[in-house]
Amino acid sequence: MLIKTRKKSLPSSQRSREHLNMQSEKQLQQQVLAWLRFNRFLCWHVPNMGFFNRKTNRYNIVSSDHVAGIPDIHVILPGGEVVFIELKSEKGKLSPAQKAMLEKLASLGHSTFVARDLQTVERYFKETGLIK
């Protein structure tokens, strides 16, 4: 006797990521924060205060004190130096506001970079001598 079983259906976004072996920004954020905290850096994630409206193809801001383009992760170093990290999935693109904010922060003397994987973050902190 043959018994048929149904495969549990996954959301389309998850199916496509699994198929392409891609990582979401949320997963990357969790990995990066865990790695930074393991290495004893003072850091945090700045939560997005809004939602993406598919009808208008725009990000709707919910909080009145939200500043567009703020990088995802802030790392405070001894001496007051700050490193700003913008996280992007493999295919994610910087918005004009994100590009402008990274440029502004860099012009103020802060370190900024875009990371699409944990290895990029590890490499930055090793190359700058912040960890061995």
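Strands S5 and S6 run parallel and are joined by five bridges, strands here being DSSP runs of E with at least two residues, helices DSSP runs of H or I with at least four, and both being numbered from the N terminus. Two strands are taken to pair if DSSP finds at least two bridges between them. The structure is a predicted model, in which local features need pLDDT of at least 70 and side-chain atom pairs count only at pLDDT 80 or more, while totals for chains, interfaces and linings use all residues. Residues are numbered from 1 along each chain as its sequence is written, and side-chain values use heavy atoms, with hydrogens and water left out.

The pair S5 and S6 belongs to an open sheet of four strands, which has the order S1-S4-S5-S6 and mixed pairing. Its edge strands, each pairing on one side only, are S1 (42–45) and S6. From one strand to the next, the twist averages 20°; angles of this kind run from 0 to 180 degrees between N-to-C directions, and axes are lines fitted to C-alpha atoms, for helices over the stretch in contact. In general, strands of a sheet pair through backbone hydrogen bonds, either parallel or antiparallel. Strands S1 and S4 run antiparallel and are joined by four bridges, and Leu42 stands opposite Ile76 of S4. The antiparallel sense is also found between S4 and S5, which pair over four bridges, with Ile85 in S5 as the bridge partner of Ile73. These two strands form a hairpin with five residues between them, and Gly79 in its turn has a positive phi of about 85°.

Strand S5 is mostly covered, since six of its six residues are buried, a term that means under 20% relative accessible area, whereas exposed means over 50% and partly exposed lies in between (1.4 Å probe, protein chains only). Val82, Phe84 and Glu86 point one way from this strand, and Val83, Ile85 and Leu87 point the other way. Across the chain of 132 residues, 30% count as buried.

Helix H4 lies across S4, S5 and S6 and runs at about 150° to S6. The axes of H2 and H4 come within 9 Å and cross at roughly 30°, and the two helices are therefore roughly parallel to each other, the term for angles under 35 degrees. Their contact is made by Leu28, Gln31, Val32, Trp35 and Leu36 of H2 and by Leu118, Val121, Glu122 and Phe125 of H4.

The largest nonpolar core has 20 residues, and those with the most contacts inside it are Leu36, Val75, Ile85, Val121 and Phe125. Such a core is a set of buried Ala, Val, Leu, Ile, Met, Phe, Trp, Tyr and Cys residues joined through side-chain atoms within 4.5 Å. At least two of its residues are supplied by each of H2 (25–38), S4 (73–76), S5 (82–87), S6 (111–115) and H4 (118–127), and the largest share, five residues, comes from H2. Phe125 touches Trp35, Leu36, Phe41, Val75, Val83, Ile85, Phe113, Leu130 and Ile131, residues up to four places away in sequence not being counted. In soluble globular proteins, nonpolar side chains tend to be buried together.

Two further residues illustrate opposite surroundings. Cys43, whose place is in S1, counts as buried because its relative accessibility is 7%. Its contacts, again without residues up to four places away in sequence, are with Leu33, Leu36, Arg37, His74 and Val75, and its C-alpha atom is separated by 6.2 Å from that of Ile76, 33 residues apart along the chain. Arg40, by contrast, lies in the loop between H2 and S1 and is exposed, with a relative accessible area of 78%. Arg40 has a positive phi of about 65° although it is not a glycine; most residues other than glycine have a negative phi.

Note on methods
Contact means heavy atoms within 4.5 Å. Angles under 35 degrees count as roughly parallel, over 145 as roughly antiparallel, 65 to 115 as roughly perpendicular and the rest as oblique.
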